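Subject: Structure for your review

Dear colleague,

Please find below the structure I promised to pass on to you. My notes on it follow directly after.

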Amino acid sequence: MSTTYNLKMLRVNLTEGTIKTEDLDEKLAKKFLGGRGLGTKILYDEGVATVDPLSPENKLIFINGPLTGANVPTGGRYMVVTKAPLNNMIASSNSGGVWGARLKYAGYDALIVEGKADAPVYMVIDDDHVEIKDAAALWGKTSEETEEVLKEEYGKNASVLNIGPAGENLSLLACIINEADRAAGRTGVGAVMGSKNLKAVVCSSKRTVVEPYDKEALRETVAKNLKLLKDNGVTGTGLPTYGTAVLVNIINNVGSFPTKNWQESQFATSEEISGEMLKEKFLVKQGFCHRCPIGCGRVINMNGKIVGGPEYEPLWAYGANCGLDDLEAITIANYWANEMGLDAIGAPTTIATAMELYQKGFITDEDCDGVPLKWGSSEAIIEWTKRMGLNSNPLAKLMAQGSYRLCEHYGVPELSMSVKKQDMPAYDARGIQGIGLTYATSNRGGCHVRGYMISPEILGLPQPLDRFATEDKALWTKIFQDLTAVIDSTGMCLFTSFALGAAEYAEMINAATGTNYTPEELLVVGERIYNIERQFNKAAGMKPEDDTLPKRLLEEPIPDGPSKGEVSKLHILLPQYYELRGWENAFPTEATLKRLELL
Amino acid sequence: MVEVRLFAYFRNNRGKIVYVDPNQYSNVQMILDHLGINLSDVQILLVNGRHTHAQHELKENDIVALFPPVAGG
């Protein structure tokens, strides 16, 4: 019987130099879907929660969902699941492009990398042919250089994922890049790859399809869902025309656009770094991932070089958060973040933090080595991005470990705008209560894409919620988190959820794999995934007090603008949320684990 | 005057900012009619940075912001 699972995984041990294939347990796949869910379950069961994340004992899992490579809209995403060196908790970081689909076509649902190579290596996967090769000539190269060399050797249809110098240098902000500007960006997954001396994985296949369980049913539901995506104002017009960058003006206008490391919440010249301005000045065309009908990517002209442009998050993080409105400088800094293999959120937010430390006298001119960390400095955002990637001086080396460790070094950890040591993204949670709860309870630390409460609280989708209110926010957050866990485990893009709901995802998974999920059952799968992540964190040493927000958000009211006077009301929301989840002291009760079949 | 900020494709043929007299256009719906924008095409409607409705009564120095369906992440 056909299914879009291959039911086969590849396990590579770089210490031993061994390559094995093994079966994927179909029952386990049904309980955890794939991607983020199944990857976490495998990692948990194999005892990785207690290991040192940068030791050979950590495992690095590249894992697809059932719909990766299938003929569904946006069905091309893969997830990197490992123990995070940034915070010793679960890491799962998602990327688009075409690499995930290539792995699926090559015949594997997952690639599990164990151990550590003696010297730099890269891997080649070409259907049944899998090989570990010497990467001495690639070590030290940037992301784009690495991809160019490997595509020259393996052909333009090969997809390359790799780490830049930041991953080699074990920066805790290191990401994994594929297709030059698609990134598994957060939680330091690139450092785990670097710790294994693995520079790149090249993937190609002669196959270009996976056969679904019921081809006709899948064709029908996909036709219906494509129409929903096309007719929806966000996925059919807004994202294709302006990309995610259109949020700059929205979030600034509501006064929740963190400025100068969250000291302010509105940026006077936000228009200069907006999606509208990016389109007017730099846009060449849309960028598309595998089978994507949306095309939110921005292909831009950067001084004559055609590159992937900045999305909303780096526009904010390098822009308002560094007090800067030089859009050209942001495009260049964003390019260098990709080239160095740095998280394009965490690297610029750490620069912003360093700018506050410079403002307050903790960082001196001498530390800055000729490039002062002044608010609004175009030179600083570009130069310090490169320096962080290359560890080129003592301060850069410290900054490459992220804002939390940087602030801890100076004795002021409260200036790190992070949750569980991961920097928060571009929405000031003081004026948007639900997103604060998402940040505080995210299993991977400060993150917006684990339960995007901005959608109802700011964008009014699927229905408007009062952003200042706490009523019903715990329930909405839980549902968003659970549905997101499902989408992240299917191999589809989260942006489809602006137009599609649990019923549509269930129909596609059922037609592709022969399952019979109802929408309600699918949400239970999402809840199970959220809970297994929490169990991983518990085993890894997470404490209840880790579910919190920086002091600035809890105690310092927004100083000015439309959200003036607001602080996060987490003390009201958190108990409601734990009750809804069936958690006590931040962790699932035995009854909850039994209900979710996790015991 | 009331400052009306337009975003994304609402700017096409209308510009980024329009100023109107609140004595002549006393609520948001009247501004939408004036600009030829259907309320059903407006996804986010702000007055002074706060979400509101089309019947919101306007006063001198208010700032109206209008967004079509857009999003990000």
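Which residues in H12(A) meet which residues in H15(A)? Please note before the reply that this is a predicted model. On the side of H12(A), the residues are A:Ala329, A:Ile332, A:Ala333, A:Trp336, A:Ala337 and A:Met340. They meet A:Ser378, A:Ile381, A:Ile382, A:Thr385, A:Lys386 and A:Gly389 in H15(A). Sorted by class, the contact of H12(A) with H15(A) comprises eight nonpolar, three polar and one charged residues.

As to the geometry of this pair, helix H12 of chain A spans residues 327-340 and helix H15 of chain A spans residues 378-390. Their axes are 9 Å apart, and the packing angle is about 0°. H12(A) and H15(A) are therefore roughly parallel to each other, an angle under 35 degrees being counted as such.

Helix H7 (residues 215-231) and helix H21 (residues 502-513), both of chain A, have axes that come within 8 Å and cross at roughly 155°. Because angles over 145 degrees count as roughly antiparallel, H7(A) is described as roughly antiparallel to H21(A). The crossing of H7(A) past H21(A) is left-handed. H7(A) contributes A:Ala217, A:Leu218, A:Thr221, A:Val222 and A:Asn225 to the contact, while H21(A) contributes A:Glu504, A:Glu507, A:Met508, A:Ala511 and A:Ala512. By class, six of these residues are nonpolar, two are polar and two are charged.

I turn next to the domains. Chain A is divided into domain 1 (8-204), domain 2 (241-422) and domain 3 (427-498 + 518-595). Between domain 2 and domain 3 of chain A, the C-alpha centres lie 25 Å apart. The contact between these two domains involves 22 residues of domain 2 and 25 residues of domain 3. On the domain 2 side, H9 and strand E16 (418-419) of chain A each supply at least two residues. That side of domain 2 has eleven nonpolar, seven polar and four charged residues.

Finally, there is the contact between the chains. Chain A gives 30 residues to it and chain B gives 19. In chain A, the elements that give two or more residues to this side are helix H8 (233-242) and helix H9 (247-253). H8(A) gives the most, with seven residues. The side of chain A that touches chain B consists of 18 nonpolar, eleven polar and one charged residues.

With kind regards

Key. Residues numbered from 1 in each chain as written. Chains lettered and ligands numbered in written order. Predicted model: local features only at pLDDT ≥ 70, side-chain atom pairs only at ≥ 80, totals over all residues. Axes fitted to C-alpha atoms, helices over the stretch in contact; angles between N-to-C directions. Helix = DSSP H or I, 4+ residues; strand = E, 2+ residues; numbered from the N terminus. Parallel < 35°, antiparallel > 145°, perpendicular 65-115°, else oblique. Left-handed = near helix turned anticlockwise from the far one by under 90°. Contact = placed C-beta atoms within 7 Å. Nonpolar A, V, L, I, M, F, W, Y, C, P; charged D, E, K, R; others polar. Domains from an automatic or database assignment.
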